[in-house]
Amino acid sequence: MTNTSSLTIGIVAGEVSGDALGGDFMQKMNALHPNIRWVGVGGRSMAAQGLSSVIDMGRLSVMGLAEVMMHLPDLLKAKKQIITAFKTHQIDLFIGIDAPDFNLRIGKILKPQGVFCVQYVSPSIWAWREGRIHHIKAATDLVLCLFPFELGVYQKYAHPAVCVGHPLLNKLHAHQDSPKVRLENFIHQYHNHHHSVTSLTKASHIICLMAGSRTSEIRAMLPLLLTSAQNIHQQIPTVQFVLPVVSAEHARLVHEILHTHHANLVNCVHILDDHNRSQKQNQPAISHACMTISDVVLLASGTATLECLLLERPMVVVYQVNPLTFMIAKRLVKIPYVSLPNILAKQYLGHPIVPELLQSDATAEKVSTKALGIIHHPNKQTKQLSNISAWLRSQSHQNSAKAVLDHYFMSTKKSYDTHHITKAYE
């Protein structure tokens, strides 16, 4: 193990949303501790904070029970490679970012070896399979929860857990500018790389399409969203669409699907990728910018629904997974909603606020009908999103990095310069 003057931390994120969480967490840790070595798995955000990658993050970006079974041999190989690297580097702490099915298995191996193990993002034991708490206790020393309603189950089973809130709470806020000003700012920021955005000034309405951050999600969900867009365009010919993607590779895939199946929409669907943002760190992610200028967002369930909530933009949530995956999940899950806005709204208001169209209900006709309804009556959902956002912010206070360091040094009884921690936040 390393001495108390330095820390070696193993950290694993398996997808884009986890990379964003990991990058934010690493930045906070680097500000608090002067000498950290990072090793593990992540993407661009984590690499920017000093991560030395063991394997490509894409190997872990597998979703759904049936899909995981197909990729199981490589996932097992990846786990072995990661654990070997952690042993080589003699890590002090392991931080698993989301992906609990993968990361908790790593934690269960490392914790008995004396590595302090943290799961950042609680598994959804409040929603299904509460018995997993025993696996979590065996694999972790601390769980960092994103939402206040998650703490109850850990208190019930006397396992250390802290609600640190989602990092997006500090980064995303609803814009108070008029729609015209928001659009002008958007065009000013992006027209050098995406010249077609200037034509958005001619749109009567702007709709954001978001199929997901994984290639498999794009292939599964984008055709449905584009058919829905076509239905809306038939009703409102002056509507235009923005479609943000996370990489040039995804942009090529989206272009291929658009030109092959919906060539008539080519002139009104603007595909915007984020690969130029690294040169402009103060510029918002293209997905957030696209949400901000949109009258409604049509999106796959996931972290993007929280982003949409915090930006207070009306949305319609759609999702389809492998039928076997859905059938098994439906039997196990004990809550009726899949999107974070509805889960939070149920806690705070007692009822959902966002349309959810899942599996057989996710048809182009139903999606477009819901979207048109929001376009014609936008204020109701916007006000409810604002109320939920304000409540969520009021419930989230603790700093994720400080929580980890406090619990780590308390658990290991190692000394640390607490003045450095205090000074970093003065």
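This is a predicted model: local features need pLDDT of at least 70, side-chain atom pairs count only at pLDDT 80 or more; totals for chains, interfaces and linings use all residues.
The surroundings of F25 can be listed in detail: leaving out residues up to four places away in sequence, F25 touches I11, W38, I95, Y120, L144, S400, A401 and V404.

Is I133 buried or exposed? Its relative accessibility is 0%, and because buried means under 20%, I133 counts as buried.

When neighbours within four places in sequence are left aside, I133 is in contact with I125, Y154 and Y157. A further residue, P123, is 10 residues away from I133 in sequence, and the C-alpha atoms of P123 and I133 are 9.0 Å apart in space.

## Helix α13 against helix α15

Two packed helices are described by the angle between their axes and the distance between the axes. For helix α13 (residues 303–310) and helix α15 (residues 340–348), the axes come within 8 Å and cross at roughly 60°, so α13 is oblique to α15.

Which residues of α13 and α15 meet? On the side of α13 they are T305, L306 and L309, and on the side of α15 they are L340, P341 and L344. Sorted by class, the contact of α13 with α15 has 5 nonpolar residues and 1 polar residue, with no charged residues.

## Helix α12 against helix α13

Helix α13 also packs with helix α12 (residues 286–293), where the two axes come within 10 Å and cross at roughly 50°; α12 is therefore oblique to α13. The crossing of α12 and α13 is right-handed.

From α12, the residues that make this contact are S287, H288 and M291, while A304, E307 and C308 make it from α13. By class, the contact of α12 with α13 has 3 nonpolar, 2 polar and 1 charged residues.

Terms used:
Residues are numbered from 1 along each chain as its sequence is written. Side-chain values use heavy atoms; hydrogens and water are left out. Axes are lines fitted to C-alpha atoms, for helices over the stretch in contact, and angles run from 0 to 180 degrees between N-to-C directions. Helices (H or I, at least four residues) and strands (E, at least two) are DSSP runs, numbered from the N terminus. Angles under 35 degrees count as roughly parallel, over 145 as roughly antiparallel, 65 to 115 as roughly perpendicular and the rest as oblique. Contact means heavy atoms within 4.5 Å. Ala, Val, Leu, Ile, Met, Phe, Trp, Tyr, Cys and Pro count as nonpolar, Asp, Glu, Lys and Arg as charged, and the others, Gly among them, as polar. Buried means under 20% relative accessible area, exposed over 50%, partly exposed in between (1.4 Å probe, protein chains only). A crossing is left-handed if the near helix is turned anticlockwise from the far one by less than a right angle, and right-handed if clockwise.
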